[in-house]
Amino acid sequence: MDIEPSYHFDHFADADRAAELRRLQQQATVMLDAELAQLQVLGFGHGKRILELGCGPGFLTGPLSDLAGPAGGVGIDMSTELLAAANAIVKPAHANVEFVEGNAYATGLPKHSFDYLYSRLVFQHLSRPLDALLEARRIVRPGGRIVLSDVDDAFLVLEPCPSAFRTLTARAIEAQAAHGGDRHIARKLPGLMRSAGLQDVRLHGLTVTSLDVGLAAFLEITTRFKAIQVGDAEALAMATELAALAELPLDKQPFGMVVAFFVTGDVPLADGTPAPSRVSLHPGGTR
Ligand SMILES: C[S@@+](CC[C@H](N)C(=O)[O-])C[C@H]1O[C@@H](n2cnc3c(N)ncnc32)[C@H](O)[C@@H]1O
């Protein structure tokens, strides 16, 4: 019996669901161009059939499937409600995308059926990340690539930093861990990928700052979900107090920064030959 992941859309109160859907959309679209550019550097593109694991409402699956062209893409998620949103909002606007319901630990998808697998802000919620990675490896073809994007709260900064931000961050780390999640997952993903037998494991970082997205969006993305997850009046009051910082004149606003980490690993060819080399962001680096 699986432990419930630390993110489950069904756990949001009815009154909070529309706002959470908006937050997911904002989180997916606010840096969309930069994220797609990063994924193209990592090899996503024409002819590479993709799977987005834990796609939620699919705001990334659509554009990623467009990049794949006729090869197309599939988004898989365990939430019936988020998939209904994906089918209503995303599917009509993208020709080559489909959405299926399934669990990261046992997707039910055929072996070796994708060239690339992407999973974004999902592994931090899984209590058995290695098992999910082994399943990901099963469904990606030999020579294909797995890319996991996630955070590590050690790389979350607000400067100057109000005590509410520190407290809310610390309480969210505890709340997520209590459900088997891990807000420091990014630093563990390279080791997990190697344990899953993936090759040429690499890590890249993309900074998302209040300069890029504005302080209001930055705080919405980095504090609102945490307050709901901690789930008490004090946490919600802290999120409200922090949101008010975005009302200050620009020169009085704190600077916010978070790093989105992209960890990549290649599925070995059947004979153990390393997969063909990627475009490297670290020319001359060792493997
Ligand atoms: C924080 S949301 C991220 C959604 C999307 N990847 C994005 O970046 O907008 C986490 C997603 O993981 C999904 N999820 C969590 N555990 C899962 C599991 N065991 N199998 C499939 N999906 C899962 C949730 O339903 C949710 O859609």
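**Close-up views of a predicted model**

**View A. Asp 200 is placed in strand 7, which spans residues 199–209.** The model shown here, as in the other views, is predicted. The backbone of Asp 200 has a phi near 50 degrees, a positive value in a residue other than glycine. Most residues other than glycine have a negative phi. Within 10 Å of Asp 200 there are 18 other C-beta atoms; because burial requires 20 or more such atoms and exposure 12 or fewer, Asp 200 is classed as partly exposed.

**View B. Leu 121 occupies the loop between strand 4 (114–120) and helix 5 (129–139).** Although Leu 121 is not a glycine, its phi is positive, at about 55 degrees. Leu 121 has 19 C-beta neighbours inside 10 Å and therefore counts as partly exposed, since the threshold for a buried residue is 20 or more.

**View C. The peptide bond that joins Glu 159 and Pro 160 is cis.** Its omega is about -5 degrees. Most peptide bonds are trans. Pro 160 belongs to the loop that runs between strand 6 (156–159) and helix 6 (163–178).

Definitions and conventions
Residues numbered from 1 in each chain as written. Predicted model: local features only at pLDDT ≥ 70, side-chain atom pairs only at ≥ 80, totals over all residues. Helix = DSSP H or I, 4+ residues; strand = E, 2+ residues; numbered from the N terminus.
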